[in-house]
Amino acid sequence: MVSIFLRSLVFNLLFYLVLVVLCIIAIPTLVLPRGALMALAASWANISLFLMRVVCNIRVEFRGAEKIPKGALVVASKHQSMWETFALLRFFDHPLFILKRELMMIPVFGQFLKKAGMISVERGGGPRSLVKTLKQAGAEVRRGRQLVIFPEGTRRPPGAPPNYKAGVAQIYVETAVPCLPVALNSGLFWPRRTFMRYPGTLVVEFLDPLPPGLPRDEFLHRLRDQIETATGRIVEAARAEQAQLFGVVPSPAKS
C-alpha cells in the first residue's frame, strides 16, 4: 500500500499541475468559439487518462461507445467519483453539465465553465431554483446539446443503495429525446474524499439508449434497472481484480 500511496501522491501533483498549465493556455479561448475551449478540455481528459495508466496502473475501458446516439441527448450516468465529470467530455460534441454554483465563482476556472455553456444550480435554493435550472437544461438539450446528468444528484460510493431523483425523468419527458444510461465503477479507483488512486481496470459502459416517449415512471424504472444491474456487474469484477492485485479491496467512503 506504500507504493499505491506514493503513486497517488505523484499522480495528484501532476494532475493539478496539468490543470493549472492548461487553464493558462486556455485563457485566449475566452474570446474564441466555444469549440476551442472544449478541445482543450478533451485534452485534459486524455492527459489525465494517460497519467492514470502510467503512474497509478489504472487502465480505463470504455465499452459500448458505438451506442451513443447523434444529436440532442440526455446522458444519465452513475456518479461515484469526480473522475466522470471530465472523462465523459470526449464522447460528446456539445456536452452540458449542471454544476454547483460555487464552481462558477472560482476565478478564471469559473469563466471557463460559463464559456463552455455549463448551467449552475444553487444547492439549498429550494424547489423553485431547481425547476428553473431543469427548464434551462431542457432548453439547451432542445437546441441540440448532450446533457450529462447524474440521476442520484451527488456522488455515491460503490455498493450504496440507489437513490434516483425525479429531475432526470422531468427533463427526459419535456425534451422528448433519447436517454443514454451509463454504468461505471470509478469509485473503486478514484474514491470520494481521498487522494488515493487504486490500480485496476476502470470501466465505463454505455448501455442501450432508452427511446423518447416512455411514460415517466416506466422510464425511471428502466433507467434505474439498467444502470444498477450493469454497475453491480462491473463493480463486482473490479473488486475481484483488485483483490488479486494487492490482496485487499479498498473500503468505500461513507455517504
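Colleague: Let's begin in the sheet: in what sense do β3 and strand β5 pair, and over how many bridges?

Modeller: Keep in mind that this is a predicted model. In it, β3 and strand β5, which covers residues 146-149, pair in the parallel sense over three bridges, and within that pairing L96 has L147 as its bridge partner in β5.

Colleague: And what joins β2 to β5?

Modeller: Four bridges join β2 to β5, and these strands run parallel.

Colleague: Which way do the residues of β5 point, and are they buried or exposed?

Modeller: Q146 and V148 point one way from β5 while L147 and I149 point the other way, and all of them are buried.

Colleague: OK, zooming out, what is the order of the strands in the sheet?

Modeller: Seven strands form an open sheet with mixed pairing, and the order is β1-β7-β6-β2-β5-β3-β4. At the edges stand β1 and β4 (119-121), each with a single partner strand, so one side of each is left without a neighbour in the sheet. On average, and ignoring direction, neighbouring strands of this sheet are turned by 20° against each other.

Colleague: Which strands does helix α2 touch?

Modeller: Helix α2, residues 34-56, packs on the sheet and touches β1, β3 and β7, with its direction making about 130° with that of β1. Helix α7, residues 167-175, also packs on the sheet, where it touches β2, β5 and β6, and its direction makes about 165° with that of β2.

Colleague: You mentioned β7 there; how many of its residues are buried?

Modeller: Strand β7, residues 200-206, is mostly covered, with seven of its seven residues buried. β7 pairs with β1 in the parallel sense over six bridges, whereas strand β6 (residues 179-184) is joined to β7 by three bridges and the two run antiparallel.

Colleague: What stands opposite V204 in β7?

Modeller: L184 stands opposite V204, and V204 is also the bridge partner in β7 of F62.

Colleague: Switching to rings, how many aromatic pairs does the structure hold?

Modeller: The structure holds 14 aromatic pairs. One of them is formed by F62 and F91, a tilted pair at 4.8 Å centre to centre with 55° between the planes.

Colleague: What is the relative accessibility of F62?

Modeller: F62 has 22% relative accessibility and counts as partly exposed, and F91 is likewise partly exposed, with a relative accessible area of 22%.

Colleague: Which residues do ring pairs link into a cluster?

Modeller: The cluster is made of F11, F15, Y16, W44, F86 and W190, linked by ring pairs. W190 has a further neighbour in R197, which lies over the face of W190 at 4.1 Å from the ring centre.

Colleague: What does the backbone oxygen of W190 lie 2.8 Å from?

Modeller: The backbone oxygen of W190 lies at that distance, 2.8 Å, from a polar atom of the side chain of S81. S81 lies in the loop between β2 (73-77) and α3 (84-87), and S81 is buried, with a relative accessible area of 0%. Not counting residues up to four places away in sequence, S81 touches R155, S186, G187 and W190.

Colleague: And Q80, where does that one lie?

Modeller: Q80 lies in the loop between β2 and α3, and at 1% relative accessibility Q80 counts as buried. Leaving aside its neighbours within four places in sequence, Q80 is in contact with a list of residues including R155, R156, P158, N185, T231 and V235.

Colleague: What does the side chain of Q80 reach at 2.9 Å?

Modeller: The side chain of Q80 reaches the backbone nitrogen of G187 at that distance of 2.9 Å.

Colleague: Last one: how many residues apart in sequence are Q80 and L184?

Modeller: Q80 and L184 are 104 residues apart in sequence, and in space they are 8.0 Å apart, C-alpha to C-alpha. L184 is also among the residues in contact with Q80, and L184 is the residue that stands opposite V204 in β7.

Technical notes:
Residues numbered from 1 in each chain as written. Predicted model: local features only at pLDDT ≥ 70, side-chain atom pairs only at ≥ 80, totals over all residues. Heavy atoms only, no water. Buried < 20%, exposed > 50% of the residue type's maximum accessible area, 1.4 Å probe, protein only. Polar contact = N/O pair within 3.5 Å; in protein donor to acceptor, adjacent residues only side chain to side chain. Contact = heavy atoms within 4.5 Å. Phe/Tyr/Trp six-rings, centres within 6.5 Å; stacked < 30°, edge-to-face > 60°. Lys NZ or Arg CZ within 6 Å of the ring centre and 35° of its normal. Pairing = 2+ DSSP bridges. Axes fitted to C-alpha atoms, helices over the stretch in contact; angles between N-to-C directions.
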